[in-house]
Amino acid sequence: MDLGIGMPTAADSWRTAKRAEDAGYRTAWFYDTQLLNADVFAAMAVAPVKTEAIRLAAGVLIPSNRIAPVAANGFATVNALAPGRVIAGVGTGFTGRRTMGLPAYKLSDMGEYIRVMQAMWRGETPELAVEGKTRKVRFLNPDRKLVNIDDPIPVHVSAMGPKSRRLTAALDADWINIGFDDAVVAATAKDMDAAYQGAGIDPKTKRKTLFVFGSVLKDGEGYASARVKKECGAMAIIALHDAMEASLYGSLAGDAGAPPPDSPFARLARDYAQVYESYAPADARYLTLHRGHMMFLRPEEERFVTEDLIRATTLTGPAEAIRDRLRHFKASGYDEVSVQVAPGSESVIEDWAQVMETV
């Protein structure tokens, strides 16, 4: 099983990509979160100059952020700099949409968006619905080699629900999942295989990537130590961010479902709601809720990142315990586990590389 790194995009994310490449990682996933991070294509375009082998992926691009021909051109541009190393990760949006107070992008529209890009990369002339009109689009002079559509650009779809997994199979795309619960992670992989089979595709020919959050504990270290909170506290707290907006946008939990109302998490969420409701303006609480999202903890959030929350939402533990869980993911059919790194905690790259050595 391969190892990937996911990161909030910075102008110099090539440094993290290079460090991961040197540690043996297969893929560097760049977030497309325009109000929190740097531009995904600008950062991806620098990385090929500084790296040689690691694959460069949008993790994941959100269709509403740019029209399909622009996105197709962006990937094809990076593909000219890193031939055959570019991955088009695409999703309906979580952070990048909610930071603007928007729900997930419409699933059927995402499917059409991806089909337009795929057709353009094949040198075809698909139809594009834009500004209430339908127009034919294509790359007009690919022979000039300003962009690269000769080397394939595989599409990976972030799909946490059954409908999105069926769409992934219909698009003949690879799959991205997010892991919170080991049993759900295994069950959804089985469902994805069934979706591929239903579309006449051999599941073994498609890559399955699992995004995880976590920290490798040192000897005697607690689950809620200052170091662990710095490394993955900002990832753990997104479960509470999601809970605050579940009634507006649905939940990121997907197949895992909502926790019982008397569970420790539900009680924690009710306490967190008091903080959330203090954010102003009341009609744009999302502007504060998502500040630092998957990057750092805000001061008022520190007390909510408990040992129970870290255990429930991240892949944190002693090295051998993490290896056991990674072996379970591998046996479930995943080809890659992508570890998310918070800015300033890049040492997790070496920690996870050591863990993976004997998986």
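A residue is called buried when its relative accessible area is under 20%, exposed when that value is over 50%, and partly exposed in between, with a 1.4 Å probe and protein chains only. The model described here is a predicted one, in which local features need pLDDT of at least 70 and side-chain atom pairs count only at pLDDT 80 or more, while totals for chains, interfaces and linings use all residues. Residues are numbered from 1 along each chain as its sequence is written, and side-chain values use heavy atoms, with hydrogens and water left out.

Leu102, with a relative accessible area of 31%, is partly exposed, and its place is in the loop between α4 (95-98) and α5 (107-121); helices (H or I, at least four residues) and strands (E, at least two) are DSSP runs, numbered from the N terminus. Together with Leu35 and Met100, Leu102 forms a nonpolar patch on the surface, and the accessible area of the three is about 240 Å². Such patches are made of residues with over 30% relative accessible area and no salt bridge, like charges being joined within 9 Å and nonpolar side chains (Val, Leu, Ile, Met, Phe, Trp, Tyr) within 5 Å. A salt bridge here is a side-chain nitrogen of Lys or Arg within 4 Å of a carboxyl oxygen of Asp or Glu, and accessible areas come from the Shrake-Rupley method with a 1.4 Å probe, where for residues only the protein chains shown count as cover.

From the surface we turn to the interior. In soluble globular proteins, nonpolar side chains tend to be buried together. A nonpolar core is a set of buried Ala, Val, Leu, Ile, Met, Phe, Trp, Tyr and Cys residues joined through side-chain atoms within 4.5 Å. The largest such core in this model has 72 residues, and those with the most contacts inside it are Phe30, Phe75, Trp121 and Trp352. Helix α5 provides the largest share of this core, seven residues.

Strand β4 (residues 86-90) is mostly covered, five of its five residues being buried. In a regular strand the side chains alternate between the two faces of the sheet. In β4, Val86, Ala88 and Val90 are buried on one side, and Ile87 and Gly89 are buried on the other. Strand β3 (residues 55-58) runs parallel to β4 and is joined to it by two bridges, where pairing requires that DSSP finds at least two bridges between the strands. Within this pair, Ala57 stands opposite Ile87.

The backbone also deserves attention. Most residues other than glycine have a negative phi, and most peptide bonds are trans. The peptide bond from Gly59 to Val60, however, is cis, with omega near 5°, and Val60 is found in the loop between β3 and α3 (68-81). Another cis peptide bond joins Ala280 and Pro281, with omega about 0°. Met294, although not a glycine, has a positive phi of about 60°; this residue lies in the loop between α11 and α12 (307-313) and counts as buried because its relative accessibility is 11%.
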